[in-house]
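Subject: Handing over the structure

Hi there,

Here is the structure I promised to pass on to you. Have a look at it first, and my notes on what turned up follow below.

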Amino acid sequence: MHIPKAPDYTLPEFWVKFPDTDNLHTPTQKADVFFVHGTVLHSKTDVYYDSYDEVQRKLPLRPRMTHAGAYEKTCRIFQPHYRQVAMEAHLHGWDVVRDYYKIPFEDVKNAYYHFKETWNKDKPLILAGNSQGSFVVLELMKYLAAKNELPKNLVAAYLIGASVTQKDLDEMGMHLCQSPTDLNCVIVYNTLAKGGTKGFTIFPDALCVNPLSWKNTEEIADKSLHLGFMETKEDGTQFIHEHATNAWVDKKHGAVIVDIYDLETAPPREHFPKGDLHSYNYPLFFKNIEANVEERVNAYLAKTQKN
């Protein structure tokens, strides 16, 4: 099995998104986000993404991979290239995949330490990811917690598209976010269409937060709270669909359920169960995430200034 060379995070070219020179030295946003993207590599021969391969390096820049943009209004974005695991390698089963994930974990850990010590320092910080990226950030947070190095300037962690259990939270000494302004907490969810019961990344005992109400309760959050589904075409054209769906937490299945789709209308995706809206975790709630990041950072700033 070929393992590509590790990225060099002292060089800007090994970051998918990186502030320009002016914003790096004189920040214009209130906070920083360390964001790790989801799976972009599809390969039946390569297990790992190669951050030195010019073709592969373009994959996280495709128009539909704009998930980090939900943080851009409030945060400088630091998004590393990393030796992620290809989609097809995930079909070998999670016991095998856990071993594969040692490589992406090392990259993300190295990227985080360089980012924290060189650029972030004490500026309000959000840790975030999507799918595979969220799983790796979760492992990073558990590693930091074990070393008593979880950042003291952490606003919250948005681990969207991963599975987080109470055991994980206990290991980190953190809690699930319970309100739009809750701090030093974890936001996590996977989305299923109405009638869906299984998700590729939904594991037993998975917890979730409703991204319309930012609570873990099971009441239906009305579509009037839905600020916008970001639909992105292949050419990069984007459309916002407001008030498009109700949403509620289904604790039995560890997911957020939406009624914009049902089992028959949910867009299919190879390898994913029917009704699994994994690819829509960010797009469906893009504007809600964007607004909440700003609200949560403002709450953090208000609290720290008061103290």
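Let me start at one helix end: K121 follows α3 and has a positive phi, near 55°. Helices (H or I, at least four residues) and strands (E, at least two) are DSSP runs, numbered from the N terminus.

Before going further, a word on the model. It is predicted, so local features need pLDDT of at least 70 and side-chain atom pairs count only at pLDDT 80 or more, while totals for chains, interfaces and linings use all residues. Residues are numbered from 1 along each chain as its sequence is written, and side-chain values use heavy atoms, with hydrogens and water left out.

Helix α3 covers residues 102-120, and its 19 residues should span 27 Å at 1.5 Å a residue; the end C-alpha atoms are 25 Å apart, which agrees. The expected span is 1.5 Å times one less than the number of residues. Among the buried residues of α3 are F105, Y112, F115 and W119, along with D107, K109 and K116. Buried means under 20% relative accessible area, exposed over 50%, and partly exposed in between (1.4 Å probe, protein chains only).

Helix α6 (residues 286-306) has 21 residues, which should span 30 Å, and its end C-alpha atoms are 30 Å apart, in agreement. Its buried residues include F286, E290, R296 and Y300. The cover over the buried residues of α6 includes β2, β3, β4 (125-130), β5 (154-160), β7 (185-187) and β9.

Two residues in one loop

H67 is found in the loop between β2 and β3. Is H67 buried or exposed? With a relative accessible area of 8%, H67 is buried. Not counting residues up to four places away in sequence, H67 touches F35, N130, Y282, P283 and F286, where contact means heavy atoms within 4.5 Å. H67 and Y282 are 215 residues apart along the chain, yet their C-alpha atoms are separated by 6.1 Å. The side chains of H67 and N130 also make a polar contact (3.4 Å). A polar contact is a pair of N or O atoms within 3.5 Å; within protein, one must be able to donate a hydrogen and the other to accept it, and residues adjacent in sequence count only if both atoms are side-chain atoms.

T39 is found in the loop between β2 (31-36) and β3 (75-80). T39 counts as buried because its relative accessibility is 14%. Its side chain has a polar contact of 2.8 Å with that of Q132.

The largest pocket has a volume of about 920 Å³. Of its 41 lining residues, R64, M65, H67, R269 and S279 are the closest to its centre. A pocket is, on a 1 Å grid over the protein atoms alone, an open set of points where a 1.4 Å probe fits, with protein on both sides within 12 Å along at least five of seven lines; lining residues have an atom within 4 Å of a point. Points are joined across faces, edges and corners, and a volume is the space filled by probe spheres set on them. The largest share of this lining, four residues, comes from β9.

The second largest pocket holds about 440 Å³ of space. Of the 15 residues lining it, R98, F135, E139, K142 and F203 are the closest to its centre. Here α4 gives the most to the lining, with five residues.

Enjoy exploring it!
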